[in-house]
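Let's take a walk through this protein together.

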Amino acid sequence: MNHLSLIIEREYLTKVKNKSFIVMTILSPIIMIALIAVVAYLSQINNNKERTISILDESGILKSSFTDTESIKYKILENSSLEEAKKKVDENKEYGLLHIENFKDINKLGEHIKFYSEDSPSLTLMSSLESKLEKQLTDLKLEFEGVDIEKIKAARVRVNIAQESFIGEKTSKIDSVVKLIFGGLAGYLLFMFIIIYGNMIMRSVIEEKTSRIIEIIISSVKPIQLMLGKIIGTSLAGITQFVIWIILGGLLMTLVSFIFGIDFAQSQSAQQEVLNQAMQNPDVNMEIQNVMNAFYNLPITNLIIAFILFFIGGYLLYSSLYAAIGAAVDNETDTQQFLLPILMPLILAVYIGIFTVIEDPHGTVSTVFSFIPLTSPVVMLMRIPFGVPIWQQILSLSLLVATFIFTVWFAAKIYRVGILMYGKKPSYKELLKWIRY
C-alpha cells in the first residue's frame, strides 16, 4: 500500500482546507459559548434579583421556620389583617405574601396556608416553603402528642449495607453509579463520533463520485487503498476539529467570563444552594467522600487503553460501511435505505448498555453483546469499569479487529464497483452481485 500515506495526506488536507470545515470549526464553539453565555447572563440577572416575601402568621407558631437566603428575604408582618397585608405587599412590589391562618388543629393548619403573588411563583420556591412548613408542623404535632423529638432523632438507625467481593475488594452503590457514568460517556462519545464523521466520509465519497474525479484517481490507486485513505484521513481531520473545539471553547469561556463578568455557574444557582445546604449534613459529606473513593477505585489505566483501542476499532468498522454506502449511491437521498441497518446495532448497543449493564454488567446479555463486533465497542466500554477480565477484553477486541478486516474487504468489493456506477439506484440484490465480481 505504497499510495496509502499519500491518500491519507490528500484526504486530510482537503478536509482541513475546505472553507466549510474551517468556518464550522471556528463558528461551532463560538455559537455554543454564545448560547451558554446568554443563558448564564440571564440566569445571573434573575438570581441577582432579591425577592422579599412577607409572612402573615396568624397562628404565631411558624415564624421561626423562615431563614433569609442570598436571594430571598422574609419579612414577618405583625398586627395586620389579610387585606392590609395584601395591599402593603402590592404597594411595596414584593414578591409575595404567605398567609398562615390560625387553627389549633395542626392538621387543619397545614391545609389552610396560602401564597399570594402577582405572578405564578417558581416551583423551587414553593417546594422550599412546603418543606420548611411541613418539618416545623410535624415537630409541633409530635411535641403536642407528648413525643420527645430528640429521642426520635436519636433512635433513628441508618442502614448502609457494605459491599465486598469474595477476594476482599470493597465496593458501594456509589461505585456503580460512577462506573456507569464513565462507561456511558465513553459509549456515547463513540456513538456520536461515528454518526458525525461516518456521514462525513460517506458524503466525501459521494462528492468525488458525482464530480467524476474518482475515475482519474482509481486508474493509479487500488479501491481498498482509496477507501482506507479516506477513512483514516477523514478521521484525523475529525480529531483535529474536535481538539480545536475543546481548546477554542475553553479559551472563549475564560475570555467571556473575564470581559463580561459572567459567572457560568450562576445558571445552577438554585441547585447550588440546595447542595450548599446538603453539604452541612455530615451524611452528605460522607457520600461525597464515597464518590471520590469510587473514582480512585476505577481501573483508570485499563479504561484509557481500552477506550482508545475500542474507539478506534469501532470507528474504523463503521466508517468502512459508511464508505461502501457512499460508493453505492449517487446522492444522499438514496442512502436512507442502507443507513438504518447500520444504525440499528449502534442504537441497540446504547440501550443494552444503559438498561442491562447497570443491572447486571456480567450477565448473559451484557457479556454476549460485548463480544458481538457491531455492539462490542459501546457495550464493552460500559462494562469495563465494573471489572471485566483481561481475556474477555482481548477476545472482544480480536473479534472486532477481525470483523473490521473482513468488513474492509467486503466494503472494498462494493467500493470497487460502486464508485464507477452512475444513474442507477442500487438495491441489496445489486450489492450482492457487486461482491461476487
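Before we start, one term: a contact here means heavy atoms within 4.5 Å. Helices (H or I, at least four residues) and strands (E, at least two) are DSSP runs, numbered from the N terminus. What you're looking at is a predicted model, where local features need pLDDT of at least 70 and side-chain atom pairs count only at pLDDT 80 or more, while totals for chains, interfaces and linings use all residues. Residues are numbered from 1 along each chain as its sequence is written, and side-chain values use heavy atoms, with hydrogens and water left out.

Confidence is highest in helix 14 (residues 364–369), at a mean of 88, and lowest in helix 10 (residues 269–279), at 45. Over residues 266–282 pLDDT stays under 50, and the model has 14 contacts beyond four places in sequence for that stretch.

Strands of a sheet pair through backbone hydrogen bonds, either parallel or antiparallel. In this analysis, two strands pair if DSSP finds at least two bridges between them. Here you have an open sheet of four strands in the order 2-1-3-4, with mixed pairing. Strand 2 (72–76) and strand 4 (113–117) are the edges, each pairing on one side only. From one strand to the next, the twist averages 20°. Angles run from 0 to 180 degrees between N-to-C directions, and axes are lines fitted to C-alpha atoms, for helices over the stretch in contact.

Look at strand 1 (residues 51–57) and strand 3 (residues 96–100): they run parallel and are joined by five bridges. Ser54 stands opposite Leu97 in strand 3. Helix 3 (residues 82–91) packs on this sheet, where it touches strand 1, strand 3 and strand 4, and its direction makes about 165° with that of strand 3. Helix 5 (residues 123–144) lies across strand 1, strand 2, strand 3 and strand 4, at about 155° to strand 4.

Next, some helix pairs. Which residues of helix 13 meet helix 15? They are Leu346, Ala349, Val350, Ile352, Gly353, Ile354 and Val357, and they meet Val378, Val379, Met382 and Arg383 in helix 15. By class, that contact has nine nonpolar, one polar and one charged residues. (Ala, Val, Leu, Ile, Met, Phe, Trp, Tyr, Cys and Pro count as nonpolar, Asp, Glu, Lys and Arg as charged, and the others, Gly among them, as polar.) The axes of helix 13 (residues 336–357) and helix 15 come within 8 Å and cross at roughly 20°, which means helix 13 is roughly parallel to helix 15. The cut-offs are under 35 degrees for roughly parallel, over 145 for roughly antiparallel, 65 to 115 for roughly perpendicular, and oblique for the rest.

Helix 15 (residues 376–383) also has helix 16 (residues 390–418) as a partner: their axes come within 11 Å and cross at roughly 165°. That makes the two roughly antiparallel. Ser376, Pro377, Met380 and Arg383 in helix 15 meet Gln392, Gln393, Ser396 and Leu400 in helix 16.

Finally, helix 12 (residues 300–328) packs with helix 16 at an angle of about 20°, with their axes 8 Å apart. Helix 12 and helix 16 are therefore roughly parallel. Their contact has 18 nonpolar, nine polar and no charged residues.

Terms used. pLDDT = per-residue confidence, 0-100.
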